[in-house]
Amino acid sequence: MSSPVIQIKNLSKYYGGFQALSGVSLEVVSGERMVICGPSGSGKSTLIRCVNQLERHDGGQVIVNGIELGKSRKALREARTHIGMVFQQFNLFPHLSVLENLTLGPMRARKLSRQKAESLARHYLERVRIPEQADKYPAQLSGGQQQRVAIARSLCMEPAIMLFDEPTSALDPEMISEVLDVMIELADTGMTMMVVTHEMGFARKVADTMVFMDKGLIVEKSDPAKFFSSPESERGRLFLQQILQH
Amino acid sequence: MPDSSLLARATANRYRLGLLLTLSVLLSGCAGQLQWYVVSPMTEAGRANLLFMLGGLKYTILLSMTAIIISVIIGLLVALPGLSRNPFARGFNRVYVEIVRAVPLLVLILWVYYGLPIMLGITINVFWAGVVALALSDSAFEAEIFRAGIQSIDRGQLEASDSLGLGYIDRMRYIVLPQALRRVLPPLGNQLVYMLKMSSLVSVIGMEELTRRANEMVTAEYRPLETYTVLILEYLVLILVVSAGVRWLERRLSRRDVR
Ligand SMILES: Nc1ncnc2c1ncn2[C@@H]1O[C@H](COP(=O)(O)OP(=O)(O)O)[C@@H](O)[C@H]1O
Ligand SMILES: [Mg+2]
């Protein structure tokens, strides 16, 4: 494997007096698919949101593509165009059509022409299998379709890294697989992915690395075969028991 | 003064109903003393008087529209620093809003027309004095409306635009303001109605708008009841039409993206 695209060194983050991350270190190499799991409130979102600085860290370093984030605003904006992010709540722009949702970033942040941006948008709508919805508004789509549009919106930036924060948690059960299928295909293209999810079937299928977090710390980091068969930590074992029960 | 839009809206509706009731009592209860010929469209003189009064409509509308446009722009420019992380920017917003809100409109009109030219060594005509005073006075309310509207935009929208690498200006222009504008349209409509009514105060410096024309009619014909009743009807029709227009615009804008 190649050099790390994301380096997280001794990261700490406070919300007021509460410490959400207590010295987390992690490396993600190019093409790696990392799945992060752990109980609610363990700091998974905080960690992944520090990678594109939606949360500013209080200690340690986040280095993406060799550039340390949090120093310069311009460098951050530039870095963000290479880091795609998919949210639990989709966060599509409700006043823009699907096509406009997809072309805004490429046109404004990447300075592509409308023509280029639109052909890019149509290409990725095809990839997430909803080319026919280009002119609809987000509210006219199902949750699963909305999340696929959100994935396409990030892909239109042609990022080097994709972050997912519980992308299927807000979906009705019957729509989960359509989103996971798209993510599996994306993994097959060699995309570097950091995915917070409780979908262990997905993790088994695509993850190169499993990270288990608890109380603001990485408790365990191992390959999925090992993690699922014999987790090192007691807490990991309990967590798996709970989550695999249903 | 309308601070909370919903409340203002409800009271505005109640106010209109009350006005209609009052008018019908007025018109039926003292029929014997009324001299409607003064403003009767049936007679030559009445028509002339009516046309004279209606002549003020142009200025009422022009004054209010110009003032609302300027006050919306100032309001937005004052609202933005109010949303900043910088405490000085926020302080500027608070000081502006508190000071401007504290000055009575009539006082502001007099100050702008009689005081400002001395201070700046310029001349200012009644129209622009009226526009400046109305716009300034209203801008504090517009600033508060915009601040609330922008603050009501879901944080996820900001995060999505940040994660696409959009800068502050693009984020405002393409994500925040288009959504905020839809939300503040009802309170902005209220401010417009409020502005149309408050423009009557500009009559004191001699602006020939509806109220001034009515006052001149009263001086000439000495029929205050009939004249001012017509004046009320003029404002009533004007404001009902404007309100309907605002509601139409609201419906048109909200049709597409029901959340
Ligand atoms: N904006 C915030 N303000 C205060 N506390 C927060 C905030 N965001 C998260 N937290 C707290 O930080 C901890 C970690 O949160 P989070 O990273 O969202 O956990 P996870 O995604 O693993 O469920 C939780 O205890 C949560 O309550
Ligand atoms: Mg979370």
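Biologist: How do the residues of the shell around ligand 1 divide into nonpolar, polar and charged?

Modeller: This is a predicted model, in which local features need pLDDT of at least 70, side-chain atom pairs count only at pLDDT 80 or more, and totals for chains, interfaces and linings use all residues. Residues are numbered from 1 along each chain as its sequence is written, while chains are lettered from A and ligands numbered from 1 in the order in which they are written. A residue is near a molecule if its C-beta atom, placed from the backbone, lies within 6 Å of it. Ala, Val, Leu, Ile, Met, Phe, Trp, Tyr, Cys and Pro count as nonpolar, Asp, Glu, Lys and Arg as charged, and the others, Gly among them, as polar. Here the shell holds three nonpolar, seven polar and one charged. Its members include A:Tyr15, A:Phe18 and A:Lys44.

Biologist: Which element gives the most to the shell around ligand 1?

Modeller: Helices (H or I, at least four residues) and strands (E, at least two) are DSSP runs, numbered from the N terminus. In this case α1(A) gives the most, with three residues.

Biologist: Is A:Gln53 buried or exposed?

Modeller: A residue is buried if 20 or more other C-beta atoms lie within 10 Å of its own, exposed if 12 or fewer, and partly exposed in between, with C-beta atoms placed from the backbone. A:Gln53 is buried because it has 20 C-beta neighbours inside 10 Å. A:Gln53 lies in the loop between α1 (44–51) and β4 (59–64) of chain A, and its phi is positive, near 60 degrees.
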